[in-house]
Amino acid sequence: MDFIIVEDTDIVAINRGKKENESCGIVYCDKYGQLHSIDFEACSSNFNSEHNRASNFCVGERKIDEFYFVFYTSGIRTKVVFKKHYVTNLFRYHLLKGEKKERFHSLQKLICETKYITYDLS
């Protein structure tokens, strides 16, 4: 299966949907400096359609032993992978900080704060 691959260091924001009609999702920056988003509502709809579930809140899958998330984005899925080493870039903001395991759990916690979840494959 093909994926859009996003490194955890490319994530710049999590939209938590706190304002009325505001969507929840992840904002990331590609290698060209362009911002893209992963819309959790669309991911949830795609996940439910593919798995014949009525969960309404599952947006993808996670695998802690391999340190990745897969989001059911429309068309091609988006895979967020966690690099072993965290390299600080003074010219770029990083939302997730710390060791790889810490960053993984931080993203999982931020997703849960939006009301959405990911299915554990571990």
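# Briefing: pocket, rings and contacts

Strand 1 supplies the largest share of the lining of the largest pocket, with four residues. The structure is a predicted model, so local features need pLDDT of at least 70, side-chain atom pairs count only at pLDDT 80 or more, and totals for chains, interfaces and linings use all residues. Residues are numbered from 1 along each chain as its sequence is written, and side-chain values use heavy atoms, with hydrogens and water left out.

**Overall layout**

- The chain has two helices and eight strands. Both are DSSP runs numbered from the N terminus: helices are H or I with at least four residues, strands E with at least two.
- Along the sequence, these elements follow the pattern β-β-β-β-α-β-β-β-α-β.
- The chain has 122 residues, and 39% of them count as buried. Buried means under 20% relative accessible area, exposed over 50%, and partly exposed in between (1.4 Å probe, protein chains only).
- Take the contacts in the chain with a separation of 6 or more: 51% of them join residues 24 or more positions apart. A contact means heavy atoms within 4.5 Å.

**The largest pocket**

- The lining of the largest pocket includes Ile4, Ile5, Val6 and Glu7. Asp10 is also among the lining residues.
- A pocket here is an open set of points on a 1 Å grid over the protein atoms alone, where a 1.4 Å probe fits, with protein on both sides within 12 Å along at least five of seven lines; lining residues have an atom within 4 Å of a point.

**Aromatic rings**

- The structure holds nine aromatic pairs. One of them joins Phe69 and Phe71, and it is stacked. Their ring centres are 6.0 Å apart, with 5° between the planes.
- Rings of Phe, Tyr and Trp (its six-membered ring) pair if their centres lie within 6.5 Å; planes under 30 degrees apart are stacked, over 60 edge-to-face, the rest tilted.
- Phe69 is buried, at 0% relative accessible area. Phe71 is buried too, at 0% relative accessibility.
- Both residues belong to one aromatic cluster, formed by Phe40, Phe57, Phe67, Phe69, Phe71, Phe82, Phe104 and Tyr116.

**Lys79 over two rings**

- The charged end of Lys79 sits over the ring of Phe3, 5.2 Å from its centre.
- Lys79 also lies over the face of Tyr68, at 4.3 Å from the ring centre.
- A charge sits over a ring if NZ of Lys or CZ of Arg is within 6 Å of the ring centre and within 35 degrees of the ring normal.

**Thr118 in strand 8**

- Thr118 is placed in strand 8 (residues 117–120). Thr118 counts as buried because its relative accessible area is 8%.
- Setting aside neighbours within four places in sequence, Thr118 contacts Cys58, Val59, Gly60, Glu61 and Arg62, among others.
- The contacts of Thr118 also include Phe69, Phe71 and Ile111. Phe69 and Phe71 are the partners in the stacked pair above.

**Positive phi in two loops**

- Most residues other than glycine have a negative phi.
- Phe67 has a positive phi of about 55° although it is not a glycine. Phe67 lies in the loop between strand 5 (58–63) and strand 6 (68–71). With a relative accessibility of 17%, Phe67 is buried.
- Lys115 also has a positive phi, near 95°, and is not a glycine. Lys115 is in the loop between helix 2 and strand 8.

- His105 sits in helix 2 (residues 100–112). His105 is partly exposed, at 35% relative accessibility. His105 and Phe67 are 38 residues apart in sequence, and their C-alpha atoms are 9.6 Å apart.
- Lys97 is in the loop between strand 7 (77–81) and helix 2. Lys97 is partly exposed, with a relative accessible area of 48%. From Lys97 to Thr9 is 88 residues in sequence and 8.6 Å in space, C-alpha to C-alpha.
- Asn46 belongs to helix 1 (residues 40–51). Asn46 is partly exposed, with a relative accessible area of 24%.
- Beyond neighbours within four places in sequence, Asn46 contacts Tyr72, Thr73 and Ser74.
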